[in-house]
Amino acid sequence: MPREEYFAPGHTACPACGATLAARLILKASGGPDVIIVNPTGCLEVTTTIYPYTSWGVPYIHVAFENAGAVASGIEAAIKALNKNGLLKRNTRVIAIAGDGGTYDIGLQALSGMLERGHGVLYVLYDNEAYMNTGIQRSGGTPKFAKTTTMPAGTVIRGKIQKKKDIMSIVMAHHIPYAATANVAYPPIDLVNKVRKALSYLEEGPAFIHVLAPCPPGWGGFPDEKMIEIARLATETGYFPLYEWDRDRLIINPPSDMYMDKRLRKPLREFVKAQSRWSHVTDEEIKELEKDIEDFLNYLWRLSIGSGVPTPYA
């Protein structure tokens, strides 16, 4: 890990904010300072750019909720044109960092356009699984049965009734050079290396990283110092598996490769019951969540290097 810091302390994020930890690690992995950050409205923007201060030690542009992909595309195209015309001689890289609201929902069209056009931009989704900045409203990234201020848990409606949107499959369908999931609980061997790998692919086209970034106030039920433990449980239970889409080949990463076998995974209950957003769920509802996880892991297995081989626990 480089010693240089390009993300300054003193921001106004909540203690144990997964998004700010992700931003710090992404910038360290980028090697800075020849990086331009594109950041739409969200938790990360409002907590790091309190006028007249900034936490960003590299060039930074705040954009609207819906257009991070479009603005990042324009900056990348401008850099390429300036280099081609001899007006610039720099390998400046463009990184968009957006939350789940600005990616799963409001910014999906601009993201898809950026991927389809093949811009050499790294797009990082920091996923805290709701619109946390504006009061914990449900997003396309909110998981099933989780309660939010717009999908409360009652006797009839049990929190969010839909499954979490599979954003990685949407991105992979664009057949970009590289996409990956990452977790702030595994910084050096997973998140940092994936950022470096993604940046090395930008000459070929876009790259995308989906980072799980827990939000202690939004998820609730655990003290701030347990954030990393909760994040790690997400992967250890199979809820948030780690994998890469590398030139149209899906690779399941450790420790997720081991936890593809349900006998080796930790019980999902340990992850769910540690959070107040799921405090209302019943044993039957946990079994339903487990079934969804089994189905998704089998889907990943079929797409992976094990294609054509029976699933490990069919």
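Which residues does Leu 122 touch, not counting residues up to four places away in sequence? The points below take up this question and the surroundings of the residue.

1. Basis of the note. This is a predicted model, in which local features need pLDDT of at least 70 and side-chain atom pairs count only at pLDDT 80 or more, while totals for chains, interfaces and linings use all residues. Residues are numbered from 1 along each chain as its sequence is written, and side-chain values use heavy atoms, with hydrogens and water left out.

2. Leu 122 and the core. With residues up to four places away in sequence set aside, Leu 122 touches Val 94, Ile 95, Ala 96, Val 195, Ala 198, Leu 199, Leu 202, Ala 207, Phe 208 and Ile 209; contact means heavy atoms within 4.5 Å. The largest nonpolar core has 96 residues, and those touching the most other members are Val 38, Ile 95, Ile 97, Leu 122, Phe 208, Phe 271 and Trp 278. H1 supplies the largest share of this core, seven residues. A nonpolar core is a set of buried Ala, Val, Leu, Ile, Met, Phe, Trp, Tyr and Cys residues joined through side-chain atoms within 4.5 Å; buried means under 20% relative accessible area, exposed over 50%, and partly exposed in between (1.4 Å probe, protein chains only).

3. The sheet. Eight strands form an open sheet with mixed pairing, in the order E2-E1-E3-E4-E6-E5-E7-E8. Strands E2 (60-63) and E8 (250-252) are at the edges with a single partner strand each, so one side of each lacks a neighbour in the sheet. From one strand to the next, the twist averages 20 degrees. Strands (E, at least two residues) and helices (H or I, at least four) are DSSP runs numbered from the N terminus, and two strands pair if DSSP finds at least two bridges between them.

4. Strands E4 and E6, and helix H1. Strand E4 (residues 121-127) runs parallel to strand E6 (residues 207-212), and six bridges join them. Val 124 has Ile 209 as its bridge partner in E6. Helix H1 (residues 18-30) packs on the sheet, where it touches strand E1 (35-40), strand E3 (93-99), E4 and E6, and its direction makes about 170 degrees with that of E3. Axes are lines fitted to C-alpha atoms, for helices over the stretch in contact, and angles run from 0 to 180 degrees between N-to-C directions.

5. Helices H3 and H5. Helix H3 (residues 68-84) packs with helix H5 (residues 108-117) at an angle of about 35 degrees, the axes being 6 Å apart. Gly 69, Ala 70 and Ser 73 of H3 meet Ala 110, Leu 111, Met 114 and Arg 117 of H5. The buried residues of H5 pack against H3, helix H4 (101-105), E4, helix H6 (167-172) and E6. Gly 118, which follows H5, has a positive phi near 80 degrees.

6. Helix H9. Seven of the ten residues of helix H9 (residues 227-236) are buried, so this helix is largely enclosed by the rest of the structure. Just after H9, Gly 238 has a positive phi of about 90 degrees.

7. Cysteines. The whole structure contains zero disulfides, a disulfide being a pair of cysteine sulfur atoms within 2.5 Å. For Cys 17, the closest cysteine sulfur is in Cys 43, at 6.5 Å, too far for a bond. The cysteine sulfur nearest to that of Cys 43 belongs to Cys 215, 6.1 Å away.
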